[in-house]
Structure formats: C-alpha cells, structure tokens
Amino acid sequence: MFAGDMRKSYALSLIDKFPAPPKGRPFPRIELADIVAGLRERVQDPTKQAQGAADLCCPAAFFYCVLNYKPELYVQYVIDLFTTGRARIGSLEVKPGAGCRVYQPPKDKIAAVDWVALASLRDSDNMIMDLSSVSDRVAARSREGEVGKWLRGIGYREVRDDANNYFCKGRKEIEAFDRDIRANRDVCLFVNDNMLYEGKDRLKSTFWNHCVVVDDVPDFKRDQISLSVYSWGEVQRIPKVGWFTVEEFSRNFYGYVSGTPTFN
C-alpha cells in the first residue's frame, strides 16, 4: 500500500514547481504557504492528513489511499484546485462550488490543504447542498457507493462494495476484508465510531457514521480480531486493549469497500 521513494520524490518535485496563484485566485482566503507546507508534510507522512472537525471521513479515507498509492496524483490534484478552482484526478472531475472555495477554514478545526482536497471532492458531488463550513454536517456526509466510485475513478481494479447504512455485517464480511488486505488490496471499513473509543467500543449501534482504512493485516484468529486503522490523522489500534470477538466487532461494522491499486 505504501508509495516508494521514487514516487514521493516526484510528488515533492511537483510541489517545488507549484505555480503562482492567479489574480482572483479560486481559494482567496487560503495562503499558498499553508498549502505548500501541508502538501510536503502529507507526502512524507500520509497520516498527517486529517478531517479535523469536519464530517469528511470518506474523502479522508480515499485520499489516504491515494497518498499511499500515487502521491503525485494527490499533489497535482491540489495544485490544480488551488490555481484553477477545478481538477481532474484519474477520471474524476472535481469542481467545488463558490461557498466551498471562499471559506476560510479555522486552523484549529482543519488544515487548509485538507479543506481544499477533502471538501472540494465532497462538494463537487453535491447536487443541491453546498459544503461551505466545517459545521455543515449534512452537506459533508458521503452517500453509499461514493468511495467505490472514487476508487474506480483513479484506476483501482475489481472494486468490491459490500457496505450499507443500517445493517451490521458479520463473520463473512470480516473474513472477506481480511482476505482482501492479505491480497494487497486497499480496504476501507464503514463503522460506527463507537468502535474507536474504549468504554464504547462494545456498545451496539444502529447506523454507520465513520470510514476508516485498514492499515495492516489484521490479527484474526478463530473468534477474535484486532487491527490497526487510519482515522482522524493517526493510525490507531482497535480495540485499544485486547481483542474483539467477532460478535463484538460486528456490533459497529457496516461493511467495506476494497480494490486493487494499479501502479502504471
């Protein structure tokens, strides 16, 4: 899943050649220096990307995969957005609305580069609602099928989407995503964020509200599982202590999307 040194070096060289923003720049309240510094940090360490206070977990999961797959795609995407207000990444066309572009994201809520990358992708898919603040919960929420669509759009092969909003998954789907990660496929899980918090991680939920990326092969033995996931700007172990039983994990597990990256 992790990009090699050559790809990282090429991505960094694109940042070195970042063109000057035009007059009437598309993101007028965001400084170029903040974008450049954020890009460098994320190419060197993709976990630095974070959705912050915004409900942008699905774009964050997607771009975490991109940063670990082809960081140059991510860099060129952000450069194009910041200088022209629109971008292509693979076959995906991204054109955020004016409300998204003129917003000044609070630095203590979300990094400027993450607002540009994540909010632009999310807002571009909105037909009615505008995403123009970290407080926009409904406009920020992704819909079923979008992560799979985004992965297909940048060239992932054999994308599997086995996720839903309200019905928990079980052993069959756990075994399936375990096989997929062992086959060098990228795997995004749809969960209720109870799963991430000690004391809540075994409570039963009724809907998914968070997307995470499986960061390594799970420890999965008979009826027990523990794993590392990327979420909210860090890689963390779930559960924090010990193991989930399959039944306990399933209380907050709503499925997954996986795909095989192509490196041509």
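Tyr-166 lies in the loop that separates β3 (157–163) from α9 (171–182), where helices (H or I, at least four residues) and strands (E, at least two) are DSSP runs numbered from the N terminus. The model is a predicted one, in which local features need pLDDT of at least 70 and side-chain atom pairs count only at pLDDT 80 or more, while totals for chains, interfaces and linings use all residues. Residues are numbered from 1 along each chain as its sequence is written, and side-chain values use heavy atoms, with hydrogens and water left out.

With a relative accessible area of 57%, Tyr-166 is exposed, the classes being buried (under 20% relative accessible area), exposed (over 50%) and partly exposed in between, for a 1.4 Å probe and protein chains only.

Helix α4 (residues 71–84) comprises 14 residues and reaches 20 Å from its first C-alpha to its last, close to the 20 Å expected at 1.5 Å a residue, the expected span being 1.5 Å times one less than the number of residues. Ten of the 14 residues of α4 are buried, among them Tyr-74, Tyr-77 and Phe-82. The buried residues of α4 pack against α1 (5–16), α2 (32–44), α3 (57–67), β1 (87–89), β2 (92–94) and α6 (112–124), contact meaning heavy atoms within 4.5 Å. Just after α4, Gly-85 takes a positive phi of about 85°.

Helix α1 has twelve residues and reaches 16 Å from its first C-alpha to its last, close to the 16 Å expected at 1.5 Å a residue. The buried residues of α1 are Ala-11, Leu-12, Ser-13, Leu-14 and Ile-15, and their cover includes α2 and α4.
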